[in-house]
Amino acid sequence: MQAKLHRWAVADPGRRFDDVFNFVCDPATLIVAFARVAGNQGANTPGVDGLTVTQVEESIGVPGFLHDLRAAVKDGSFRPLPVRERKIPKPGGSGKVRKLGIPTIADRVVQAALKLVLEPIFEADFLPVSYGFRPRRRPHDAIAEIHHFGTRGYRWVLDADIEAAFDTVAHTAVMDAVRKRIKDKRVLALVKAFLKAGILTELGDTQESVTGTPQGGILSPLIFNVVMSALDEHVMAPWKPGGQMSTNGKRAYRRSRGRPTWRIVRFADDFVILVHGTREHAEALREDVAAVLAPLGLRLSEAKTQVVHMADGFNFLGFRIRWKRKRGTNKWYVYTFIADQPLRSLKAKIRALTHKTSQWSLASILTRLGQLMRGWANYFRYAVAKHTFSKLDTFTFWRLAHLLRARHGWNWGQLRRHLTSATGRWQIEADGVAFFRIGKVAITRYSYRGNKIPSPWPTTNPA
């Protein structure tokens with residue numbers, strides 16, 4: 001079903017899909033949707049009705065739950081409930097919070113079903129410069145694209161920040177963007193119903209949803225990408241076939257006449273525009289972008305949006321990207337480092353886990369440390385990170401050593417005897433769980449894939 005929808009959307013860019021409601025209500029779609037909801041990390045986090053996936057499976061039964069849900073959606077009696085608000089601190093220690101909206105299980109299943117149907121249609125229109133919450137695309141692809149164009153002269157950067165993007169995007173802009181591809185009024189009504197579902201605050205008050213799409217909803221990232229594709233299309237219009245920047249020759253000709261070339265790299269609401277030109281050219285693009293975002297209900301943050309040269313460096317998706325001279329040579333390259341904030345955040349978590357008064361068993365501490373550090377290392381191992389990993393390894397080891405000394409009352413000699421393995425090396429382990437040595441993680445180069453990232457759905461009929 002998804003492959004056909006994607007193929008039809010690619011074949012006819014102007015097509016508006018009229019009868020996709022039946023796909024959403026199809027029992028097979030709902031089964032897959034429930035499986036995806038059940039497989040999510042928040043499966044047992046309840047919405048306003050207090051129901052979790054486990055309770056659905058054990059008390060109601062999945063077949064009966066999906067049968068009743070399908071009947072409600074088909075006869076039009078289904079109404080999304082307000083999302084349950086939960087505030088979490090934003091990274092960086094600014095004291096600001098991010099508002100999450102947790103839908104009910106029933107709402108999540110319907111949203112997942114909508115996404116299964118809508119995603120292959122809109123993926124046909126999304127440009128390759130967008131990387132956030134899209135199938136088979138990763139943050140590392142966005143970083144690799146910045147690295148690729150940075151080495152080719154695109155060194156002025158509009159580092160943009162949208163104020164509360166998910167909370168302020170205009171519902172009219174969302175529905176207008178969805179209507180460009182979807183004509184089925186029943187599907188449009190479902191999308192609008194989720195936008196207008198409302199919020200149950202942490203204080204127990206119910207608020208109307210006037211703008212925004214709640215972070216935490218399964219459908220929200222796709223909907224936001226649909227809206228933000230207007231920005232992608234505007235900035236990348238000169239790169240289309242026949243455009244002023246469509247070939248290497250045309251771009252070189254523009255630059256020879258003192259005119260800039262540019263390219264956007266976007267991950268959901270985080271984006272940068274790389275400019276091969278001057279600071280003035282990048283500043284002009286800032287005003288242009290603000291004009292495109294205004295009809296969407298979005299605006300750039302005056303404090304956080306900045307124009308920087310790559311030689312000064314900028315942060316993006318947890319990485320610090322900088323154009324600098326290679327030590328011992330006169331050659332300059334674009335380097336990708338680990339930004340300060342993710343490193344501080346990880347160290348704070350390590351300190352909390354390895355506090356001298358911790359009541360956790362050593363095996364539990366080592367297990368949790370391994371999960372944290374392994375995931376962190378897998379994300380950042382494509383950066384210039386060997387020195388950072390080595391420092392983190394030493395930092396964590398001695399945090400554990402001090403914890404064990406305090407817990408058992410050992411002096412340094414006793415600590416050494418307990419932690420020395422048969423080979424004479426220091427080693428910390430408990431109940432078969434060994435200390436994860438992040439310093440031994442191999443650093444590799446992430447390959448730039450550009451326009452070669454494959455779609456999960458073939459655009460040609462295999463028959």
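Reply: Happy to! A crossing is left-handed if the near helix is turned anticlockwise from the far one by less than a right angle, and right-handed if clockwise. Helices (H or I, at least four residues) and strands (E, at least two) are DSSP runs, numbered from the N terminus. This is a predicted model, where local features need pLDDT of at least 70, side-chain atom pairs count only at pLDDT 80 or more, and totals for chains, interfaces and linings use all residues. Residues are numbered from 1 along each chain as its sequence is written, and side-chain values use heavy atoms, with hydrogens and water left out.

Me: In which hand does α9 pass α10?
Reply: The pair is helix α9 (residues 171-179) and helix α10 (residues 185-195). By the rule above, the crossing of α9 past α10 is right-handed.

Me: Is α9 roughly parallel or roughly antiparallel to α10?
Reply: Axes are lines fitted to C-alpha atoms, for helices over the stretch in contact, and angles run from 0 to 180 degrees between N-to-C directions. Angles under 35 degrees count as roughly parallel, over 145 as roughly antiparallel, 65 to 115 as roughly perpendicular and the rest as oblique. The axes of α9 and α10 come within 11 Å and cross at roughly 160°. The relation of α9 to α10 is therefore roughly antiparallel.

Me: How many nonpolar residues are in the contact of α9 with α10?
Reply: Contact means heavy atoms within 4.5 Å, and α9 brings His 171, Val 174, Met 175, Val 178 and Arg 179 to meet Leu 188, Val 191, Lys 192 and Leu 195 of α10. Ala, Val, Leu, Ile, Met, Phe, Trp, Tyr, Cys and Pro count as nonpolar, Asp, Glu, Lys and Arg as charged, and the others, Gly among them, as polar. Besides 1 polar and 2 charged residues, the nonpolar ones number 6.

Me: At what angle do the axes of α14 and α16 cross?
Reply: Here helix α14 (residues 340-353) and helix α16 (residues 386-408) have axes that come within 10 Å. The two are roughly parallel to each other, and α14 passes α16 in a right-handed crossing. Their axes cross at roughly 15°.

Me: What is the relative accessible area of Ala 268?
Reply: Ala 268 lies in the loop between β6 (261-267) and β7 (270-276), and has a positive phi of about 60° although it is not a glycine. Ala 268 is buried (under 20% relative accessible area; exposed is over 50%, partly exposed in between, with a 1.4 Å probe and protein chains only). Its value is 3%.
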